[in-house]
Amino acid sequence: MDGARTHLRNAVDHINGGRYADSVADSIHAVESVARLIDPKAAKTLGPALKSLERHGVLTHKALAEGFSNLYGYSSNEQGIRHALLDKDAPRVTLDEAVFMYGACASFAAYLVSKRRQVNQ
């Protein structure tokens with residue numbers, strides 16, 4: 001889980017430096033890092049890792065899986081976080097979003113690690 005840990009450390013550095021969109025990007029990269037360990041097909045989206053957990057019976061509630069997917073979707077849909085700015089001069093990300101996403105993604109990554117362990121037992 002070294003990759004996830006590094007991304008989360010970088011996210012904190014970005015928050016402290018006032019680079020909030022970069023913090024959100026690194027926070028979600030921590031989740032992607034864990035997801036790729038669960039399912040290598042998760043290289044482009046989180047969906048394959050979530051489906052793998054569902055198949056193995058460790059992610060059993062559909063609304064929870066959809067919530068995780070929607071959280072991931074925020075970072076993909078907001079211009080300037082994971083994708084280029086198109087019609088704006090700066091991403092619409094404040095300290096509040098950066099701190100929330102950091103906490104949510106750190107928790108999400110820890111949850112995925114725990115669930116992966118259950119699959120491997």
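Contacts went in before anything else. Among contacts with a separation of 6 or more, 56% join residues 24 or more positions apart. I keep in mind that this is a predicted model.

Next I looked up the secondary structure.

Then the core. Which residues of the largest nonpolar core touch the most other members? I find Val31, Val34, Leu46, Leu50, Phe108 and Leu112, out of 30 residues in that core. Helix 1 (2–16), helix 2 (20–38), helix 3 (47–55), helix 4 (62–77) and helix 5 (95–120) each give two or more residues to it.

Leaving out residues up to four places away in sequence, Leu50 touches Leu59, Ala65, Phe68, Ser69, Phe108 and Leu112.

Phe108 and Leu112 are also on my list of buried residues in helix 5, along with Ala98, Met101, Ala104, Cys105, Ala109, Val113 and Lys115. I checked the length of helix 5 too: at 1.5 Å a residue its 26 residues should span 38 Å, and the end C-alpha atoms are 37 Å apart, which agrees.

Last entry, the pairing of helix 1 with helix 5. I note an angle of about 165° and axes 11 Å apart. Angles over 145 degrees count as roughly antiparallel, so I log helix 1 as roughly antiparallel to helix 5. Leu8, Ala11, Val12 and Ile15 of helix 1 make the contact with Leu95, Ala98, Val99, Tyr102 and Ala106 of helix 5. I put the crossing down as left-handed.

Conventions
Residues are numbered from 1 along each chain as its sequence is written. This is a predicted model: local features need pLDDT of at least 70, side-chain atom pairs count only at pLDDT 80 or more; totals for chains, interfaces and linings use all residues. Side-chain values use heavy atoms; hydrogens and water are left out. A nonpolar core is a set of buried Ala, Val, Leu, Ile, Met, Phe, Trp, Tyr and Cys residues joined through side-chain atoms within 4.5 Å. Buried means under 20% relative accessible area, exposed over 50%, partly exposed in between (1.4 Å probe, protein chains only). Helices (H or I, at least four residues) and strands (E, at least two) are DSSP runs, numbered from the N terminus. Contact means heavy atoms within 4.5 Å. The expected span of a helix is 1.5 Å times one less than its number of residues. Axes are lines fitted to C-alpha atoms, for helices over the stretch in contact, and angles run from 0 to 180 degrees between N-to-C directions. Angles under 35 degrees count as roughly parallel, over 145 as roughly antiparallel, 65 to 115 as roughly perpendicular and the rest as oblique. A crossing is left-handed if the near helix is turned anticlockwise from the far one by less than a right angle, and right-handed if clockwise.
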